[in-house]
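Subject: A structure for you to look at

Hi there,

Here is the structure I promised to pass on. Please open it beside this email and follow along as you read.

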Amino acid sequence: MPSKIAFTIWRIFWDFIPNFANLIIRRVVTNDRCPRCRSKVEGSLHVFRDCPMTTEVWYLKLWSTGGHTKSQDPF
Ligand SMILES: [Zn+2]
C-alpha cells in the first residue's frame, strides 16, 4: 500500500481529517454542514462513506474500473 494512502487511512481512523465537524471545534468555521449535500454534519464517516455525493463517486469509480482498482492508481 502506498504510504500516502496508509497515512490518509491513519488520519481517518484518528479523525485528523480537517472536515467541518473538526473545524467548528477549532472555531475555523461556523457551519458544520456538508457543503456537498447540506443534509448532515460533515464528519469523517460522512465524507468518506455516508455522503450521497461520495457514494456516487465511489460507484462511478468502481463501475468505470469494472469493480477493480489498479494497485498503483487508488483514484
Ligand atoms: Zn454530504
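Let me start with a definition: a residue is buried if 20 or more other C-beta atoms lie within 10 Å of its own, exposed if 12 or fewer do, and partly exposed in between, with the C-beta atoms placed from the backbone. Before we use it, please keep in mind that this is a predicted model, in which local features need pLDDT of at least 70 and side-chain atom pairs count only at pLDDT 80 or more, while totals for chains, interfaces and linings use all residues. Residues are numbered from 1 along each chain as its sequence is written.

First, the overall picture. The protein chain has four helices and zero strands, and its elements run α-α-α-α from the N terminus on. Helices (H or I, at least four residues) and strands (E, at least two) are DSSP runs, numbered from the N terminus. Of the 75 residues in the chain, 9% are buried. Two residues are in contact if their C-beta atoms, placed from the backbone, lie within 7 Å. Among contacts between residues at least 6 apart in sequence, 21% join residues at least 24 apart.

Helix α1 covers residues 3-13, and it lies largely in the open because the number buried among its 11 residues is zero. After α1 comes Asp15, with a positive phi near 60°.

Helix α4 (residues 52-64) has 13 residues and reaches 18 Å from its first C-alpha to its last, close to the 18 Å expected at 1.5 Å a residue. That expected span is 1.5 Å times one less than the number of residues. α4 is hardly covered, as its count of buried residues is zero. Just after α4, Gly66 takes a positive phi of about 70°.

Next, have a look at Asn22, which lies in helix α2. Asn22 counts as partly exposed because it has 17 C-beta neighbours inside 10 Å. Leaving aside neighbours within four places in sequence, Asn22 is in contact with Asp15 and Ile17. The C-alpha atoms of Asn22 and Gly43 are separated by 7.4 Å, although these residues are 21 apart along the chain.

Finally, two arginines in a loop. Arg27 lies between α2 (20-25) and α3 (44-50), and Arg38 also lies in the loop between α2 and α3. Phi of Arg27 is near 60°, a positive value in a residue other than glycine; phi of Arg38 is likewise positive and near 60°. Is Arg38 buried or exposed? Arg38 counts as exposed, because it has 9 C-beta neighbours inside 10 Å. Arg27 is exposed too, with 7 other C-beta atoms within 10 Å.

Enjoy exploring!

Best wishes
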